[in-house]
Amino acid sequence: MKTRAAIATAAGKPLEIHEVELEGPREGEVLVEIKATGICHTDAFTLSGDDPEGLFPAILGHEGAGVVVDVGPGVTTLAPGDHVIPLYTPECRQCEFCTSGKTNLCGAIRATQGKGVMPDGTSRFSIGRDKLFHYMGTSTFANHTVLPEIALAKIRKDAPFDKVCYIGCGVTTGIGAVIWTAKVEPGATVAVFGLGGIGLNVIQGARMAGATRIIGIDLNPARKPLAEKFGMTDFIDASKTDDVVGTIVEMTRGGVDYSFECIGNVKVMRQALECCHKGWGESIIIGVAGAGQEIATRPFQLVTGRVWRGTAFGGARGRTDVPKIVDWYMDGRINIDDLITHTMPLEEINTAFDLMHEGKSIRSVVTY
Ligand code: NAD
Ligand code: AHE
Ligand code: ZN
């Protein structure tokens, strides 16, 4: 079939809107009509050329929601008409990762996903004679896309696509990092570095978990009012101090119980670790750093009890947890609407990247 997509032709170039060819679903695969997709910083990161796994030409996008149009042979859990959220972290429930009970990182299709192809090693997308790469196994910047059955969470039909698409990455990553990765407990003190589409969800997760002190740190003071609405109790303008760590340690009399890096800056990752309390403070890396970047600290920081961890997709097991998060939204337990600052058609998708780089949006959503 033919469908419309935004194509990343080369690193650093604006996306181009074209009609593309999409092959139907093969064994174990599902054809989905994408109704809406968010634009996450990770899409910008890959488009910039900083992603060691970045491939071009590709159809980016990993924060979508849509409707099943067709299923390939062997698909048993989904049928045409089902509403779904694509999962860049699938859940096969059979691999050694899924059955370990220790991680949400499913190993079933990760290798081919990173190579921009479906599990059988081929792409379903092409334009003319040229193949296009898939991205993160999802490619939601296309009006239609094909995914493995294990990479789709079935959700309720009354949830609005233009809001719950954000659960496909940002909402789940931020809230999940707090409740599933860090397991923040009531009364905890928390520091959140970077108050964008992920960091504000960390703040909302910390408030849900009962944290009493939630310190937000950003270079952009325009983030303060919304962060306060979501539960931030204190704000540090990182552009106005050269001692963020000292400021936090003093404010909290020794450091925070938990910190979260939601930027992708290795220098800030160090600050996030070092502002944690001696003996027990845990720092969770969420931000994705570019090729060649490395983190550093004195090992003494770890010897004296601080813990450095990371999280992908907030530790969520997608097919199990994503439908629950959709319920939380529909029940009014979490706020998504205030974080979606811009909505636009696919033709204007490059504006979404501009708004992100200018610090003017939290989340932009493209509706098809
Ligand atoms: P965003 O652009 O919406 O937000 C980033 C925020 O960081 C902005 O508010 C910006 O002003 C602030 N910032 C930038 N440099 C700063 C500095 N030096 N000090 C303080 N604040 C600074 O991005 P996002 O969509 O929220 O994504 C954040 C990061 O999380 C990205 O690296 C993204 O790739 C990553 N991410 C990771 C996962 C995961 O599963 N681990 C999932 C989604 C996104
Ligand atoms: N391809 C990059 C790493 C990118 C990365 O870390 N991705 C996160 C999700 S970011 C969503 O916005 C993730 O889930 N990582 C786990 C995984 O298996 O990819 C690189 O550095 O090579
Ligand atoms: Zn993302």
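Me: Two strands pair if DSSP finds at least two bridges between them. In which sense do β2 and strand β6 (residues 125–127) pair?

Reply: This is a predicted model, in which local features need pLDDT of at least 70, side-chain atom pairs count only at pLDDT 80 or more, and totals for chains, interfaces and linings use all residues. Residues are numbered from 1 along each chain as its sequence is written, while chains are lettered from A and ligands numbered from 1 in the order in which they are written. Strands (E, at least two residues) and helices (H or I, at least four) are DSSP runs, numbered from the N terminus. Between β2 and β6 there are two bridges, and the sense is antiparallel.

Me: Where in the protein is confidence highest?

Reply: The predictor's confidence in each residue is the pLDDT, from 0 to 100. The protein averages 98, and 100% of the residues score at least 70. The mean is lowest, at 96, in strand β7 (residues 130–131). A mean of 99, the highest, belongs to residues 258–261, strand β13.

Me: Which residue in β6 is the bridge partner of E21?

Reply: Strand β2 (residues 16–22) also pairs with strand β1 (residues 2–7), over six antiparallel bridges. In that pairing R4 stands opposite E19, and T3 has V20 as its bridge partner. On the β6 side, the partner of E21 is S126.

Me: Which are the edge strands of the open sheet of four strands?

Reply: The order in this sheet is β1-β2-β6-β7, and the pairing is antiparallel. Each edge strand pairs on one side only, and these strands are β1 and β7.

Me: What share of the chain over residues 12–366 is strand?

Reply: UniProt, in an unreviewed entry, places the feature "domain: Enoyl reductase (ER)" at these residues; its positions are given in the numbering used here, feature names are shortened, and annotations may be inferred rather than shown by experiment. Over this stretch the end C-alpha atoms are 20 Å apart.

Me: How many charged residues has the shell around ligand 2?

Reply: Among the residues that surround ligand 2 are C40, D51, E53, R110 and C169. Ala, Val, Leu, Ile, Met, Phe, Trp, Tyr, Cys and Pro count as nonpolar, Asp, Glu, Lys and Arg as charged, and the others, Gly among them, as polar. By class the shell has seven nonpolar residues, two polar ones, and charged residues numbering three.

Me: How many residues does the contact take from domain 2?

Reply: The C-alpha centres of domain 1 and domain 2 lie 28 Å apart. Two residues are in contact if their C-beta atoms, placed from the backbone, lie within 7 Å. Domain 1 gives 13 residues to the contact, and the number from domain 2 is 12.

Definitions and conventions
Near = placed C-beta within 6 Å. Domains from an automatic or database assignment.
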